[in-house]
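Subject: Structure handover

Hi,

Here is the structure we talked about. Please look it over, then read the notes below.

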Amino acid sequence: MNGAIEVRNLVKRYPDFVLENVSFRVPEGSIVGFIGENGAGKSTTMKAILGLIKRDDGEISLLGEPDGAREEALKEQIGVVFDENCFPEHISREDVNRMLKAIFKNWQEKLFFKLCERFGIPGKKKIKEYSRGMKMKLSIAVAMSHQARLLILDEATSGLDPVVRAEILDMLREFVMDEHHTVFFSSHITSDIEKIADYILLIHKGRILLYEDRDTLLEQYALVRCSDEVAAKLDPKTVVGVRHGRFDTEVLVRSREGLKPGEHLAVDRVSLEDILLYTAEKPENERCIK
Amino acid sequence: MKGLILKDLYTLRQMGKVYLISMVCLMAWGMAVHNSTMFTSLLLVYGLMILITTASWDEVSHFNGYALTFPLSPKKLVQAKYLFALILFAAITVLGVLGGFGMTAALGAKSEIGYGEVVVSTLSISCIYLMTAVVVLPCNYKFGVEKSRFLFVAIYLIIFACFALLFSIDHMKQWLLNLGAREFMTGVAVFGVLTLLGMIFSYRISVRIMENREW
């Protein structure tokens, strides 16, 4: 199966931040959730993929095309949604349609208006009069209205209420029902990613720490609650992070193999949020919850 | 490119009524003072205002970075903006000539300037607009719209200061006031050629700025 996105040893250096040898492959037909704390490098990675920033090293290929392939032809097949509306606010959806009809060769006017109707995006109003959710839905309608095979969303659900977020996630699920369609989206709302992603890619301080199938990840990782003494006996190779509480110690482990729940040890399921929290903390520091 | 120009035109719609009313008022003023040059001169200001305003809205909405995710290159974004500047140039010229002719015809003998002067003054104003656009556009791309507004004001102050200095020197003042029609037209033609060359140079700088810029 071709990769919709293939990133190999991507490096981008800023004075106070470095994206270091980032490599991953997004399989065609999948939804990959890209998580990380603020400032981890999610947007930098996405901008490098989209060619909005210049990379210092590495290769990126999109939709099976080699690195450096004709960008404009590729962009016809990629729909992008950022975390804010990027259209001038004094135009309406009809203006957006006319404008994009002249830009995209494969612009689907009927589909665009159908999506606008479905999303409840009003006709005559200017974008400045839309709510935040409507602006985001407009961006998504645009991204899905030019026969895109790949959708890239950068924090597209941030600041939206649960109802709107659920609508957007449903749209993404529908989009990948076509096996040639792929979604790559970043968010720090891990519950959204947990709901629909097939794979989880976690970045922390410019480095990829984890890339795993979601179900495997959530089944294998476990949260162990135990005493300090028991925690000290756990295999260090499986320990991701530790938190000392007043009454017990919580340890996130990569594998629940060999763990037997008992009087002195409780093994719980984890969420993506737990994995992000424990992974984002410095391994050499143990945070104390007083 | 058509899509990008449409975007700029749509964003101007809301200001359309204001500009129309202002132009009618200016024409009325021109009729009152028997001179259409105020009308033509302010077309220059409107042209620049429109150009800077559309760039400002693009900046506020972060449109350019988003537009680069469409099948558009930085070069195409620049081309569209320069084409829009040329469209405004054509609009200023046509409106200036038609408005000036209309006022001159209406005023008849009372008009302080003739049809020929309307054409020359309109073309001069249009070239000044274009020459300013040539400087403002790459500055917008490099420094952003807000900072380049200061530069725009500084340019005009420098030009004004130069003219004030020239006119303060007696023999220069006499020379300028005694310029014949032929010399004046030659000056306008040279200015036109310089404007065109400036436009090409400015375009290339803008493309380079945009191609090297990160979003």
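A:E71 and A:K75 sit 4 residues apart in helix α2 of chain A, so about one helical turn separates them. Helices and strands here are DSSP runs, numbered from the N terminus: helices are H or I with at least four residues, strands are E with at least two. The two side chains form a salt bridge, with the closest N and O atoms 3.7 Å apart. A salt bridge means a side-chain nitrogen of Lys or Arg within 4 Å of a carboxyl oxygen of Asp or Glu. Over all chains, the search finds 27 salt bridges.

The model is predicted: local features need pLDDT of at least 70, side-chain atom pairs count only at pLDDT 80 or more, and totals for chains, interfaces and linings use all residues. Residues are numbered from 1 along each chain as its sequence is written, chains are lettered from A and ligands numbered from 1 in the order in which they are written, and side-chain values use heavy atoms, with hydrogens and water left out.

The interface

How much area do chain A and chain B bury between them? About 2600 Å², with 61% of it on carbon and sulfur atoms. Buried area is the accessible area (1.4 Å probe) that two parts lose on being put together, summed over both. Chain A brings 31 residues to the contact and chain B brings 28 residues. Contact means heavy atoms within 4.5 Å.

The interface of chain A and chain B holds 3 salt bridges by the rule. One of the salt bridges in the model joins the side chains of B:R13 and A:D95, at 2.5 Å from N to O.

On the side of chain A that touches chain B, at least two residues come from each of β1 (3–14), α1 (42–50), α2 (71–75), β5 (78–81), α3 (93–101) and α5 (132–143). The largest share, 4 residues, is from α3(A). By class, that side has 17 nonpolar, 3 polar and 11 charged residues. Nonpolar covers Ala, Val, Leu, Ile, Met, Phe, Trp, Tyr, Cys and Pro; charged covers Asp, Glu, Lys and Arg; the others, Gly among them, are polar.

The three-stranded sheet

In chain A, 3 strands form an open antiparallel sheet, ordered β2-β1-β4. Strands pair if DSSP finds at least two bridges between them. β2 and β4 of chain A are the edge strands, each pairing on one side only. The twist averages 15° from one strand to the next.

β1(A) and β2(A) (residues 17–27) are antiparallel, with 8 bridges. A hairpin of 2 residues connects β1(A) to β2(A). A:Y14 has A:F17 as its bridge partner in β2(A). On β4(A) (residues 57–62), β1(A) makes 5 bridges, again antiparallel. A:E6 faces A:R25 in β2(A), and its bridge partner in β4(A) is A:S61.

The six-stranded sheet

A further open sheet of chain A has 6 strands in the order β5-β6-β7-β3-β8-β9, with mixed pairing. β5 and β9 (207–213) of chain A stand at the edges with a single partner strand each, so one side of each has no neighbour in the sheet. Neighbouring strands are turned by 15° on average, direction ignored.

β6(A) (residues 150–154) and β7(A) (residues 182–186) pair in parallel over 5 bridges. There, A:D154 has A:S186 of β7(A) as its bridge partner. Helix α10 (residues 272–280) of chain A lies across β3 (31–35), β8 (199–204) and β9 of chain A, at about 25° to β8(A). Axes are lines fitted to C-alpha atoms, for helices over the stretch in contact, and angles run from 0 to 180 degrees between N-to-C directions.

Best wishes
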